Amino acid sequence: MGHLQATMRDLKETRFFRRVLTYCIGLLITAFGVAFAINSHLGISPIASLPFVLSHIFTHISLGTLTAMALVCFVMLQILVLRQEFNWWHLSQIPASTLYGYFVDLTRFLLGGFQLPTYFGQLTMLAISITLIAVGTALLYLTNFAMLPSGNLCVAISKKTNYAFHRIKITLDCTLSTTSIALSFLFLGSLVGVREGTVITAIFVGKLIPLAAKLLTPLLQTLGVPVRE
């Protein structure tokens, strides 16, 4: 019996490790998506746009650090929205946000100044970005750990107001994009980070996530990674 219990414990630990590893890979892939979007110069996702503009205003602070700070603010907003209903396990979003911020800086360093010439090349890089963000987000969802705080904030507001999640998401995206545009013109004198790619990303990432999750599920199951049902 003791040997069986030890074997079951080892199996659970192995499966948990695989989930954590898959989650971290999802964060890394999503960060690569942000890096490709930045280098496309066609605009980045609404969620990333505000930290990106702030990184141009506060040049001594890295984009990854500002991204992590923004995500932690989203966690604080969740606490204000949910109050007693806030699950303190969701504070795990904070170390996840910190790791994601590190990955944003790392992927930007690894990608360097890589660009594809011509407008078609820019669109190609944007398409790669959208695909990577969708795949990375699908991995975060399937591992059933904490999603990035921006998504969880939308879930929290939807839960408390009974408004549809997608309407909350659109409102948040529009608010962040508008704020980014205003700060760009106010402090930088020109538009930074928000272009046609921002709209394209907002439209297509959400549509690709279910497809990516469907394709990734059997692969993860084959690798012995527990996935969300």
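The largest nonpolar core of this predicted model has 29 residues, and Tyr23, Leu27 and Tyr100 have the most contacts inside it. A nonpolar core here is a set of buried Ala, Val, Leu, Ile, Met, Phe, Trp, Tyr and Cys residues joined through side-chain atoms within 4.5 Å. Buried means under 20% relative accessible area, exposed means over 50%, and partly exposed is in between, with a 1.4 Å probe and protein chains only. Two or more residues come from each of H1, helix H2 (46–57), helix H3 (63–82), helix H4 (93–111), helix H6 (149–161) and helix H7 (165–188). H1 gives the most to this core, with six residues. Apart from this core lies another one, of nine residues, among them Leu139, Leu142, Val225 and Val227. In soluble globular proteins, nonpolar side chains tend to be buried together.

A word on conventions: residues are numbered from 1 along each chain as its sequence is written, and side-chain values use heavy atoms, with hydrogens and water left out. As this is a predicted model, local features need pLDDT of at least 70 and side-chain atom pairs count only at pLDDT 80 or more, while totals for chains, interfaces and linings use all residues.

Let's turn to the whole chain. The protein chain has eight helices and zero strands, following the pattern α-α-α-α-α-α-α-α along the sequence. Its radius of gyration is 19 Å, close to the 17 Å that the globule rule gives for 229 residues, so the chain is as compact as a globular protein of that length. That radius is taken over C-alpha atoms, and the rule is 2.2 Å times the number of residues to the power 0.38. Helices (H or I, at least four residues) and strands (E, at least two) are DSSP runs, numbered from the N terminus. The C-alpha trace spans about 70 × 45 × 35 Å along its principal axes. Buried residues make up 42% of the 229 residues. Of the contacts (heavy atoms within 4.5 Å) with a separation of 6 or more, 77% are between residues 24 or more positions apart.

Now for the surface. The accessible surface of the chain comes to about 12600 Å², and 70% of it belongs to carbon and sulfur atoms; such areas come from the Shrake-Rupley method with a 1.4 Å probe. Phe17, Leu21 and Ile25 form a nonpolar patch there, with about 290 Å² of accessible area together. Phe17 sits in helix H1 (residues 2–40).

| Residue | Relative accessible area | Class |
|---|---|---|
| Phenylalanine 17 | 54% | exposed |
| Leucine 99 | 27% | partly exposed |
| Serine 62 | 26% | partly exposed |
| Serine 177 | 13% | buried |

Some contacts are worth a look in your viewer. Leaving aside neighbours within four places in sequence, tyrosine 100 is in contact with Leu27, Thr30, Ala31, Val34, Thr67, Leu71 and Leu148. Leucine 99, in helix H4, touches Cys24 and Leu27, again without residues up to four places away. The C-alpha atoms of leucine 99 and glycine 64 are 9.1 Å apart, although 35 residues separate them along the chain. Serine 177 belongs to helix H7 and, with residues up to four places away not counted, touches Pro46, Ser49, Val194 and Thr198.

Key. Patch = residues over 30% accessible without salt bridge, like charges linked within 9 Å, V, L, I, M, F, W, Y side chains within 5 Å. Salt bridge = Lys/Arg side-chain N within 4 Å of Asp/Glu carboxyl O.
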